[in-house]
Amino acid sequence: MFSFKIDIKQLDEAIDMLAKYPETTDNNIVEVFNRLLPEIANRSKKLAPVDTGRLRTGIHWRIEKTPGNVKGIIEDPVKYAPYVHEGTRRMKARPFVRNAILNWGVHQTKRELEKNFLKTKRGLI
């Protein structure tokens, strides 16, 4: 499994907002994920190596929301996807999902979350 961390400017204010408006904050994160995860999945598909097309076709996204926790997940259920993505001792890694997230997703997600936090702070959401 691959995960990444996003640093948010004005972290103290973001933490205060999380404490004051947990449901609003979760909804903001879900809204951002709904906008960005499909694009990250599409970029992953473009980067995925193709032989039969099964690997590329299998890539999909979903959101898991529990109280106080929101996860955006991009996955490929094809049995050999982890071997292609992470590599083996005989085959180099071709991290198509990781590259899509790091090259585009992290920056866009951070930007969108900061924008939504500012809107919430100003009472626009």
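**View 1. The largest nonpolar core of the predicted model.** This core has 24 residues. The residues with the most contacts inside it are I40, L55, I59, I74 and F96. Helix 2 (22-47), strand 2, helix 4 (81-86) and helix 5 each supply at least two of its residues. Across the 125 residues of the protein chain, 35% count as buried.

**View 2. Surroundings of F96.** F96 is among the residues with the most contacts inside the largest nonpolar core. Beyond residues up to four places away in sequence, F96 touches S44, L47, A48, P49, L55, I59, D76, V84 and H85.

**View 3. S44 in helix 2.** S44 lies in helix 2. Is S44 buried or exposed? S44 has a relative accessible area of 0%, so it counts as buried. Setting aside neighbours within four places in sequence, the contacts of S44 are I59, I74, F96, V97 and A100.

**View 4. R94 in the loop between helix 4 and helix 5.** R94 sits in the loop that joins these two helices. Its relative accessible area is 34%; because this falls between 20% and 50%, R94 is partly exposed. With neighbours within four places in sequence left out, R94 is in contact with P49, V84 and H85. The C-alpha atoms of R94 and P82 are 9.7 Å apart, and the two residues are twelve apart in sequence.

View 5. Strand 1 (residues 60-66) pairs with strand 2 (residues 69-75) in the antiparallel sense. Seven bridges join them. H60 has E75 in strand 2 as its bridge partner. E64 is bridged to K71, also in strand 2. How many residues lie between the two strands of the hairpin? There are two, and G68 in the turn has a positive phi of about 80 degrees. In a regular strand, side chains alternate between the two faces of the sheet.

**View 6. Helix 5 and its kink.** Helix 5 (residues 96-121) has 26 residues. From first C-alpha to last, helix 5 reaches 36 Å, close to the 38 Å expected at 1.5 Å a residue. Where is the kink in helix 5 centred? The kink is centred on G105 and amounts to about 50 degrees.

**View 7. The whole chain, with confidence.** The protein chain has five helices and two strands. Along the sequence they follow the pattern α-α-α-β-β-α-α. Among contacts with a separation of 6 or more, 61% join residues 24 or more positions apart. The mean pLDDT of the protein chain is 81, and 78% of the residues score at least 70. Confidence is highest in helix 3 (residues 54-58), at a mean of 94. Confidence is lowest in helix 1 (residues 11-20), at a mean of 62. Where pLDDT is low, the predicted coordinates should not be read in detail.

Terms used: Residues are numbered from 1 along each chain as its sequence is written. Side-chain values use heavy atoms; hydrogens and water are left out. pLDDT is the predictor's confidence in each residue, from 0 to 100. Helices (H or I, at least four residues) and strands (E, at least two) are DSSP runs, numbered from the N terminus. The expected span of a helix is 1.5 Å times one less than its number of residues. The bend at a residue is the angle between axes fitted to the seven residues ending there and the seven starting there. Two strands pair if DSSP finds at least two bridges between them. A nonpolar core is a set of buried Ala, Val, Leu, Ile, Met, Phe, Trp, Tyr and Cys residues joined through side-chain atoms within 4.5 Å. Buried means under 20% relative accessible area, exposed over 50%, partly exposed in between (1.4 Å probe, protein chains only). Contact means heavy atoms within 4.5 Å.
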